[in-house]
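Dear colleague,

Please find below the structure that I am handing over to you, with its sequence.

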Amino acid sequence: EQHDAELFAEQQAKSDADIFFIGGGGYTFPRYLEATLPDSRLVVAEIDPVVTEIAEEQLGLAPDTRIETASMDARAYMAWYGEAKSFDIIFGDAFNDYSVPFHLTTLEFDQLIAHMLRDDGLYLANIIDGRHGHFLRAFVHTLNQVFPYVQVIPNDRATWRTSVRSTFVIVGSKQPLDLS
């Protein structure tokens, strides 16, 4: 934990973008941004160190990557190390099978995100819900209590209302959104 805090403090210099990832998964998007935005600061909070090991051993995450990985729960990382207005983008992509862990969907968590985002920053959360959209509506309702601008982007605009399970990207911002 001390090492993670030191890495966080060392990377405060301005870069192309400061991006925080809630969950590492296969590290696909962090690796893509590392390649396309070489001066960006990329921080991943991945609670399961085995996920990071697999990304390194099987999925091409380089040992000398510039991606900073904190092997801890994202909410704990944000509460302990999250500095005000320190990120341009925060990506929420953490799942337990088909659901987002509860503690990453609360008003308090959304307030942590708002605290860490710059005024023109974006929070993008990847969620999964069933055809009735109960979780989607609750997630958006909670996010709207912190962010005045929220948009929902379904993975398949044609079938999301009838699919048994659909994926959505929810975008929250303190500024008006132009998703065109």
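Ile-19 has Leu-42 of strand 2 as its bridge partner. Strand 1 and strand 2 run parallel and are joined by five bridges; two strands are taken to pair if DSSP finds at least two bridges between them. Helices (H or I, at least four residues) and strands (E, at least two) are DSSP runs, numbered from the N terminus.

Please note that this is a predicted model, in which local features need pLDDT of at least 70 and side-chain atom pairs count only at pLDDT 80 or more, while totals for chains, interfaces and linings use all residues. Residues are numbered from 1 along each chain as its sequence is written, and side-chain values use heavy atoms, with hydrogens and water left out.

Strand 2 (residues 41-45) is largely enclosed by the rest of the structure, because five of its five residues are buried. Here buried means under 20% relative accessible area, exposed means over 50%, and partly exposed lies in between (1.4 Å probe, protein chains only). Both faces of strand 2 are covered, with Arg-41, Val-43 and Ala-45 buried on one side and Leu-42 and Val-44 buried on the other.

The sheet and its helices

The chain contains six helices and seven strands, and along the sequence these follow the pattern α-β-α-β-α-β-α-β-α-β-α-β-β. The seven strands form an open sheet with mixed pairing, in the order 3-2-1-4-5-7-6. Its edge strands, each pairing on one side only, are strand 3 (68-70) and strand 6 (149-154). On average, neighbouring strands of this sheet are turned by 15 degrees against each other, direction ignored. In general, strands of a sheet pair through backbone hydrogen bonds, either parallel or antiparallel.

A further parallel pair consists of strand 4 (residues 87-92) and strand 5 (residues 117-130), with five bridges. Within this pair, Ile-89 has Leu-122 in strand 5 as its bridge partner. Helix 5 (residues 107-116) packs on the sheet, where it touches strand 1 (18-22), strand 4 and strand 5, and its direction makes about 145 degrees with that of strand 5. Contact means heavy atoms within 4.5 Å; axes are lines fitted to C-alpha atoms, for helices over the stretch in contact, and angles run from 0 to 180 degrees between N-to-C directions.

The buried residues of helix 5 are Phe-109, Asp-110, Leu-112, Ile-113, Ala-114 and Met-116. Their cover includes strand 1, helix 4 (74-81), strand 4, strand 5 and helix 6. Helix 6 (residues 134-144) lies across strand 5, strand 6 and strand 7 (165-173), and runs at about 165 degrees to strand 5. Thr-142 belongs to helix 6 and is buried, with a relative accessible area of 16%. Apart from neighbours within four places in sequence, Thr-142 is in contact with Thr-105, Thr-106, Leu-107 and Asp-110.

Individual residues

Tyr-149 is located in strand 6 and, at 33% relative accessibility, counts as partly exposed. The C-alpha atoms of Tyr-149 and Lys-174 are 6.2 Å apart in space, although the two residues are 25 residues apart in sequence. Beyond its neighbours within four places in sequence, Tyr-149 has contacts that include Val-171, Gly-172, Lys-174 and Leu-177.

Most residues other than glycine have a negative phi. For Tyr-27, phi is near 60 degrees; Tyr-27 sits in the loop between strand 1 and helix 2 (28-36) and counts as buried at 0% relative accessibility. For Lys-85, phi is near 50 degrees. Lys-85 is in the loop between helix 4 and strand 4 and is partly exposed, with a relative accessible area of 45%.

The chain as a whole

Of the chain's 180 residues, 43% count as buried. Among contacts in the chain with a separation of 6 or more, 73% are accounted for by residues 24 or more positions apart. The accessible surface of the chain comes to about 9700 Å², and 52% of this belongs to carbon and sulfur atoms. Accessible areas come from the Shrake-Rupley method with a 1.4 Å probe, and for residues only the protein chains shown count as cover.

Yours sincerely
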